[in-house]
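Visitor: Hi! I'd like to talk through a structure with you, if you have a moment.

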Amino acid sequence: MTIHLLALALCCLILAPGVRAAEAVHIGGVGYDTVDPGQPFREAARPAQDWQAPAPGRSEQEAGMIAYATPDPGDFRPWSVPRPKERVDSLS
């Protein structure tokens, strides 16, 4: 019995360096116990935009932006150029 326990302990010591404890990871201020490495992130291709942004008015130049609304507010793309028909005078 003692020899079996010694053999088991020896096997554990030999295999232990290959086993690493998972470290906690923080992403965007959220803590995760473990993270599956998975596939690397690949940005989706940006669709071509075949329209010109409207020329900004005085208040838009002062603000540094053109306020606009799209049919789907969840489809926000920071590189997107607003269409002239999407321009709004105020945000509600």
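Predicted model: local features only at pLDDT ≥ 70, side-chain atom pairs only at ≥ 80, totals over all residues.

Visitor: Which residue forms a salt bridge with E86?
Guide: That's R83, and the closest N and O atoms of the two are 3.5 Å apart.

Visitor: And how accessible is R83?
Guide: R83 comes out at 32% relative accessibility, so it counts as partly exposed.

Visitor: What else does R83 do? Which ring does it lie over?
Guide: R83 sits over the face of W51, at 3.8 Å from the ring centre.

Visitor: While we're on rings, how many aromatic pairs are there?
Guide: Zero aromatic pairs in this structure.

Visitor: Back to charges, then. How many salt bridges does the count come to?
Guide: The count is three salt bridges. Besides R83 with E86, R87 pairs with E60, where the closest N and O atoms are 2.8 Å apart. The R87–E60 pair ties together parts that are 27 residues apart in sequence, because E60 belongs to helix 2 (58-63) and R87 to the segment after that helix. There is also a salt bridge between the side chains of R46 and E43, at 3.4 Å from N to O.

Visitor: Zooming out, how much of the protein chain counts as buried?
Guide: Of its 92 residues, 7% count as buried.

Visitor: What about the fold? In what order do the elements run?
Guide: From the N terminus on, the order is α-β-β-α. That comes to two helices and two strands in the protein chain.

Visitor: Changing topic to pockets: what volume does the largest pocket have?
Guide: About 360 Å³.

Visitor: Which residues lie nearest its centre?
Guide: Y68, T70, D75, S80 and E86 lie nearest the centre of the largest pocket, out of 18 residues that line it.

Methods. Residues numbered from 1 in each chain as written. Heavy atoms only, no water. Phe/Tyr/Trp six-rings, centres within 6.5 Å; stacked < 30°, edge-to-face > 60°. Lys NZ or Arg CZ within 6 Å of the ring centre and 35° of its normal. 1 Å grid on protein atoms, 1.4 Å probe; cavity = no way out; pocket = protein on both sides within 12 Å on 5 of 7 lines; lining within 4 Å. Points joined across faces, edges and corners; volume = space filled by probe spheres on them. Salt bridge = Lys/Arg side-chain N within 4 Å of Asp/Glu carboxyl O. Helix = DSSP H or I, 4+ residues; strand = E, 2+ residues; numbered from the N terminus. Buried < 20%, exposed > 50% of the residue type's maximum accessible area, 1.4 Å probe, protein only.
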